[in-house]
Amino acid sequence: EQSNIIGREAVAAKRKQYFYPCTAHFYRDAPQLVRGSMQYVYDENGKEYTDFFAGVSVVACGHCNPAITSRTIEQLQQLQHTSTVYLTQPNVELAERLEGLLPGALRRTFFVNSGSEANEGALLLARMHTGRKGFIALEAGLHGRTNLTMSVTGLQMWRTDAYLDEDVTFIQRPYHPEMTLEEAAAQSIESLKAVLAEKGDTIAAMIVEPIQGNGGMIMPALSYFREVKALLEPYGILLIDDEIQTGYGRTGAMFAMEHYGIVPDIISMAKALGNGVPVAAFSTTDEIAASLNKPSASTFGGNPVSAATALAVLDYIRDERLPERAAELGGRLKAGLLLLHERYPAVITDVRGTGFMLGAELAGSETEDAAVRTDHVLEEMKDRGYLIGKNGIGRNVLAFQPPLVVTAENIDAMLAALNEVLQAIH
Ligand code: PMP
């Protein structure tokens, strides 16, 4: 049945030969994954891995979840694609479902295919609505790899275009390793105030991740975004909430911005909305949506297969109470990580985040740089059958963002393996 599998070495060689050389690698010996089932993936030798990475927050409902794939397949066999000039039911139903989940007066949705495209649309919309060109973004944020989304990306490793848009002002993020979250938030607010005083009337929008993902699982003080919103409002500057990595239950809320008690002007979505099938969107109010005033449509955005899949995803999140599950089991995982932080304070220096959006920062030693040590831990955990992620400015933060269907037993077993690995380092 698996006779077409060519094996890890051959796949690695072909990747090296035919992909662009920049293609990023996590592992010295990356496994070749050939099958997935809920919180597990399997390599070509049948070795099982418990997935604590979920392809960066993507397969939140689990790999190949039959409750979702059955509806994808059903739609695929019934009507796969039409032009947006025709009426189809799945995309309007999806927009209606999102309206019920979105906060405040956000009720209109534009469908696209990737997170970059959703943010690109949101940024364009903000320019159209305000008639201004400038953007404010947070240092170490990540918003995509199109020209404009890369321009508002603060993380240096993801900024590779030589001609990025220059109308972007980065402000200090509400985190600093030597400060409390409140102090860091206050400093960030001060830098925002300074930018607004200088050129507030040239700024269309500020774009933020409610919890920075690739920036190292940075969750600001709870008062931060309320202060940001209050400062932007007098200038008519829109707040774009990038929920691409944090959304749809992962943090214990449908959208992570709910933790801060504010309603943004635009929300962008992608990743887990399709649980592995490309679906993305940006949503806003009636008034702002009206500013996108030229015919605009995406060939694949909101196609029947993607829309039917996203509807199945939202049903599953609701029926299985995944936000509650993420809050509860994420708490268990975080408590376990904090225990390891206490036990190995010279190795784990910080544990951050909420729900299943968690990070553990690692320190280096005299002989091993922190990023190298992080790679070592990833490799050791992979050999023990656990896939975890890494992020952060220094690539030294272990990222735990599993499918929301992982069990308490999975979490305890992973923590035991991590304890073993850290003990050996210690
Ligand atoms: N925003 C955030 C917060 C992300 O994490 C990512 C992807 N890592 C993107 C935007 C870009 O999404 P995509 O890769 O689907 O274009």
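This is a predicted model: local features need pLDDT of at least 70, side-chain atom pairs count only at pLDDT 80 or more; totals for chains, interfaces and linings use all residues.

Q: In which sense do β11 and strand β12 pair, and over how many bridges?

A: The pairing of β11 with β12 (residues 357–362) is antiparallel and extends over six bridges. These strands belong to an open sheet of four strands, ordered β11-β12-β15-β14, with antiparallel pairing. Its edge strands, β11 (348–354) and β14 (389–391), each pair on one side only. On average, neighbouring strands of this sheet are turned by 25° against each other, direction ignored.

Q: Which helices pack on this sheet or lie across its strands?

A: Helix α11 (residues 322–343) packs on the sheet and touches β11, β12 and β15 (397–400). The direction of α11 makes about 170° with that of β11. Helix α12 (residues 370–383) lies across β12, β14 and β15, and runs at about 125° to β12.

Q: Where does strand β7 find its bridge partners, and is β7 buried or exposed?

A: Strand β7 (residues 203–208) is mostly covered, as six of its six residues are buried. Four bridges join β7 to strand β5 (residues 134–138), and the two run parallel; Phe-135 stands opposite Ala-205 in β7. Strand β8 (residues 238–242) also pairs with β7 in the parallel sense, over four bridges. There, Ile-207 has Ile-240 of β8 as its bridge partner.

Q: How is the packing of helix α7 and helix α8 to be read, and which residues make the contact?

A: The angle between helix α7 (residues 181–199) and helix α8 (residues 224–232) is about 10°, and their axes are 10 Å apart. Angles under 35 degrees count as roughly parallel, so α7 is roughly parallel to α8. On the α7 side the contact is made by Ala-185, Ile-189, Leu-192, Lys-193 and Leu-196, and on the α8 side by Tyr-224, Glu-227, Val-228 and Leu-231. By class, the residues of this contact are seven nonpolar, no polar and two charged.

Q: With which residues is Arg-226 in contact, leaving aside its neighbours within four places in sequence?

A: Arg-226, found in helix α8, is in contact with Tyr-260, Gly-261 and Ile-262 once those neighbours are left aside. Arg-226 and Ile-262 are 36 residues apart in sequence, yet their C-alpha atoms are 6.1 Å apart in space. Arg-226 is partly exposed because 13 other C-beta atoms lie within 10 Å.

Q: How many residues surround the ligand, and which helix gives the most to the shell?

A: The ligand is surrounded by 15 residues, of which the closest are Ser-114, Gly-115, Ser-116, Ile-244 and Gln-245. Helix α5 (residues 115–130) gives the most to the shell, with three residues. By class, the shell has four nonpolar, nine polar and two charged residues.

Methods
Residues are numbered from 1 along each chain as its sequence is written. Axes are lines fitted to C-alpha atoms, for helices over the stretch in contact, and angles run from 0 to 180 degrees between N-to-C directions. Angles under 35 degrees count as roughly parallel, over 145 as roughly antiparallel, 65 to 115 as roughly perpendicular and the rest as oblique. Two residues are in contact if their C-beta atoms, placed from the backbone, lie within 7 Å. Ala, Val, Leu, Ile, Met, Phe, Trp, Tyr, Cys and Pro count as nonpolar, Asp, Glu, Lys and Arg as charged, and the others, Gly among them, as polar. A residue is near a molecule or strand if its C-beta atom, placed from the backbone, lies within 6 Å of it. Two strands pair if DSSP finds at least two bridges between them. A residue is buried if 20 or more other C-beta atoms lie within 10 Å of its own, exposed if 12 or fewer, and partly exposed in between; C-beta atoms are placed from the backbone.
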